[in-house]
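Please keep the sequence and the model in view while reading.

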Amino acid sequence: MTLIFKSGLDPYDRWRKALLAAMPELKMREWDEPGDAADIEFALVWKPPLGALRQFPNLKAVFSLGAGVDHLLCDPDLPDVPVIRMVDPELTRGMTEYVTLHVLRYHRAQPALEAQQRDKQWREIFSKTAPKRQVGIMGLGVLGTDAARILNEIGFDLAGWSRLPKNLPGVACFSGSDGLEPFLARTEILVCLLPSTVSTQGILNEDLFMKLPEGAYLINAGRGDLQKEDDIVAALESGRLHGATLDVFESEPLSKQSPLWSHPRVTVTPHIAAYAQPWSAAKGIADNIKRIQKGDAPLHTVDMTAGY
Ligand code: NDP
Ligand code: OXD
């Protein structure tokens, strides 16, 4: 039973140690030294070259190193085996930390307070408290649901938007295209945790910003191709958006020419909101391999029709 590993920045050694601790019988190979391609039954990968997974004739499943699988589904030659999303409690925790940090930062007017400090200006900016702040989360999946849980504990007036109807404690749930407008109309701080699919690409655009209350904030940690960056800049200039925190970009790394870098009301982070930790993610991968070996359906498989 052999797994091939291809990472972006993830260190092979840490993954190898963690996976072997969870499953000592597993054999592992690095992408650049696959050995006999017929041995490979599992792939754990981030952005493999297009068509490359086809070289393994006995592949049983492809595990994504990321929660998002757009880096795999863009391959027209993807083998017809289950594609499994990364669902890791520590990745989820990391995203909830990121979302909570940036929601609280806008909620408590922290960018304005920091600007005042730079000017040695003493001016009280009092913030309302969480129950009077309307936060909306686009995407109520693994990540959106956990972020909602913590924001709910803080006391925010929360709403969420998903493809299919949902019922979550403390969250006003909206769904589908009919639910989008009323969801946006009550959202002062918009958090986007959607996957990139044909239905969501470009969704963060001028038309959507016009449906938010004047002076809303945007936090996008979903995918860069969900957003139209020119429209974000225009919405900031018109006052429709008061601030934006972006972890993901139409093209990464963000070009040095992008106006987002130096915009006074934009926070840029380099796609670091959350990532899987080998020490916590390995068990889930090993459990799924065991399920497949027993003939059971693996967990967290991608719905190829929905695209996530
Ligand atoms: P899930 O698949 O668990 O959840 C996706 C959510 O998006 C679901 O609630 C789904 O609705 C909703 N959704 C999908 N399509 C639509 C649509 N057309 N209209 C409305 N809602 C839609 O994914 P995760 O929560 O695990 O991850 C979300 C994304 O976060 C990833 O795909 C990835 O792009 C991004 N990510 C970014 C990271 C970073 O570091 N910046 C790190 C990790 C992930 P429904 O519930 O009805 O199915
Ligand atoms: C992911 C990511 O999808 O890091 O997990 O973007």
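This is a predicted model: local features need pLDDT of at least 70, side-chain atom pairs count only at pLDDT 80 or more; totals for chains, interfaces and linings use all residues.

Is Phe5 buried or exposed? Phe5 is buried, because its relative accessible area is 3%. Here buried means under 20% relative accessible area, exposed means over 50%, and partly exposed lies in between (1.4 Å probe, protein chains only).

Residues are numbered from 1 along each chain as its sequence is written, chains are lettered from A and ligands numbered from 1 in the order in which they are written, and side-chain values use heavy atoms, with hydrogens and water left out.

The aromatic side chains come first. Rings of Phe, Tyr and Trp (its six-membered ring) pair if their centres lie within 6.5 Å; planes under 30 degrees apart count as stacked, over 60 as edge-to-face and the rest as tilted. Six aromatic pairs are found in a search of the whole structure. In one of them, the rings of Phe5 and Trp15 have centres 6.3 Å apart and planes at 40 degrees, so this pair is tilted. Phe5 belongs to strand β1 (residues 2–6) and Trp15 to helix α1 (residues 12–22); the two are ten residues apart, and their pair links distant parts of the chain. Helices (H or I, at least four residues) and strands (E, at least two) are DSSP runs, numbered from the N terminus. Trp15 counts as buried because its relative accessibility is 0%. The rings of Trp31 and Phe56 have centres 5.9 Å apart and planes at 80 degrees, so that pair is edge-to-face. Trp31 lies in the loop between β2 and β3, and Phe56 in the loop between β3 and β4, so their pair ties together parts that are 25 residues apart in sequence. Trp31 and Phe56 are both buried. One aromatic cluster is formed by Phe5, Tyr12 and Trp15.

Charged side chains form a further set of contacts. Side chains of opposite charge can pair when their charged atoms come close. A salt bridge is a side-chain nitrogen of Lys or Arg within 4 Å of a carboxyl oxygen of Asp or Glu, and by this rule there are twelve salt bridges. Among them is the one between Arg29 and Asp39, whose closest N and O atoms are 2.8 Å apart. Arg29 is in strand β2 and Asp39 in the loop between β2 and β3, ten residues apart, so to speak of this pair is to speak of a link between distant parts of the chain. Asp39 counts as partly exposed because its relative accessibility is 32%. Glu41 and Lys60 also meet in a salt bridge (2.7 Å, N to O). Because Glu41 lies in strand β3 and Lys60 in the loop between β3 and β4 (61–64), this pair ties together parts that are 19 residues apart in sequence. Glu41 is buried, with a relative accessible area of 15%, whereas Lys60 is partly exposed, with 32%.

A further salt bridge joins the side chains of Arg149 and Asp146 (2.9 Å, N to O). Both residues lie in helix α5 (residues 142–154), three residues apart, which is about one turn of the helix. Arg149 is partly exposed at 44% relative accessibility, and Asp146 is buried at 15%. Lys128, Arg133 and Glu188 are joined into one network by salt bridges that share partners.

The backbone also deserves attention. Most residues other than glycine have a negative phi, and most peptide bonds are trans. The peptide bond from Glu252 to Pro253 is cis, with omega near -5 degrees, and Pro253 is placed in the loop between β11 (241–246) and β12 (266–268). Lys120, a residue other than glycine, has a positive phi near 50 degrees. Lys120 lies in the loop between α4 (110–118) and β6 (134–138) and counts as exposed because its relative accessibility is 79%. His300 is not a glycine either, yet has a positive phi of about 60 degrees. His300 is found in the segment after α9 (278–294) and is partly exposed at 38% relative accessibility.
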